[in-house]
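I opened this entry to keep track of what I looked up, going from single residues to the whole chain.

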Amino acid sequence: MSYDLIRLDDEKKGDEKDGQGAGGPMAKLFQSRTIIVSKGVDDELARSVIGQLFALEQDDPEKVITVIVNSPGGSADCGFAMLDAMRFVSCPIRTITMGLSASAGVMIHLGGDKGQRFITPHSRFLLHQPSMRTMGQASDIEIVASEIERIRAVYNGVVSEATGKPMDEISAQADRDFWLSATQAVEYGLADRIIATRGELG
């Protein structure tokens with residue numbers, strides 16, 4: 001498979017000096033079936049990650065894909081799109097939060113298969129309710145408020161499915177910024193296990 005078919009994150013063609021070209025470290029990561037999510041969640045990231053998922057599935061539909069997450073969050077729609085894509089492909093998906101999974105980044109982490117969601121010792125999670133900025137007539141503001149509530153319910157539903165916790169409990173905790181350390185994330189059910197070395201992946 002040609003790495004040039006999938007441009008990772010902010011890669012530019014011919015950017016060999018940063019190690020991003022066809023023979024660089026990012027190409028080697030792609031060949032090892034590893035996807036790095038290390039920026040805010042936006043349309044460009046979603047395009048890149050979803051493209052890599054489908055390309056890797058075409059290459060080998062039964063071989064595991066590892067997604068490493070370190071993201072401050074961002075667009076809820078893009079987060080849900082990546083979650084759906086991770087569940088759509090036939091490949092086993094393993095996620096590792098290495099740094100921060102916040103907001104929409106949590107959705108990407110939870111795209112990993114149950115039992116294959118890991119976190120490194122000094123990483124953490126942030127759950128909080130979605131927000132949208134709007135201006136305009138009162139009726140428009142009401143529509144946005146209604147949509148925020150819908151997105152919030154979907155978000156909390158994904159967390160509830162992953163953790164087994166009731167929706168009302170998650171909603172109350174995520175009403176404000178809700179931080180979890182690596183140990184707390186495992187106890188909460190967001191991650192299956194803390195790992196410190198590659199050998200612990202098994």
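I began with aspartate 59, which is partly exposed at a relative accessible area of 47%. The model I am reading is a predicted one, and I keep that in mind for each value I write down.

I then looked for the partner of aspartate 59 and found a salt bridge with arginine 33, where the closest N and O atoms are 3.6 Å apart. The two residues sit in distant parts of the chain, 26 residues apart, with arginine 33 in the loop between α1 (25–31) and β1 (34–37) and aspartate 59 in helix α2, which covers residues 43–59. Arginine 33 has a relative accessible area of 3% and is buried, since the cut-off for that class is under 20%.

Next I asked which residue pairs with glutamate 161. The partner is arginine 87, and the closest N and O atoms of this salt bridge are 3.5 Å apart. Glutamate 161 belongs to helix α5 (residues 138–163) and arginine 87 to helix α3 (residues 76–88), so this pair ties together parts that are 74 residues apart in sequence. I noted that glutamate 161 counts as exposed, with 57% relative accessibility, while arginine 87 is partly exposed at a relative accessible area of 40%.

I also looked up arginine 152, which forms a salt bridge with aspartate 175 at 3.3 Å between the closest N and O atoms. Arginine 152 is in helix α5, whereas aspartate 175 is in the loop between α6 (167–173) and β6 (178–181), and the two are 23 residues apart. Is arginine 152 buried or exposed? Its relative accessible area is 12%, and I therefore list arginine 152 as buried; aspartate 175, at 35%, is partly exposed. This pair is part of a network of salt bridges that links Glu149, Arg152 and Asp175.

For the total, I wrote down 8 salt bridges.

**The whole chain**

I then stepped back to the fold, which comes to 7 helices and 7 strands, following the pattern α-β-α-β-α-β-α-β-β-α-α-β-α-β along the sequence.

Of the 202 residues, 46% count as buried. I put the accessible surface at about 10300 Å², and 53% of that surface belongs to carbon and sulfur atoms. Lastly I checked the contacts with a separation of 6 or more, and found that residues 24 or more positions apart account for 70% of them.

Technical notes: Residues are numbered from 1 along each chain as its sequence is written. This is a predicted model: local features need pLDDT of at least 70, side-chain atom pairs count only at pLDDT 80 or more; totals for chains, interfaces and linings use all residues. Side-chain values use heavy atoms; hydrogens and water are left out. Helices (H or I, at least four residues) and strands (E, at least two) are DSSP runs, numbered from the N terminus. Buried means under 20% relative accessible area, exposed over 50%, partly exposed in between (1.4 Å probe, protein chains only). Contact means heavy atoms within 4.5 Å. Accessible areas come from the Shrake-Rupley method with a 1.4 Å probe; for residues, only the protein chains shown count as cover. A salt bridge is a side-chain nitrogen of Lys or Arg within 4 Å of a carboxyl oxygen of Asp or Glu.
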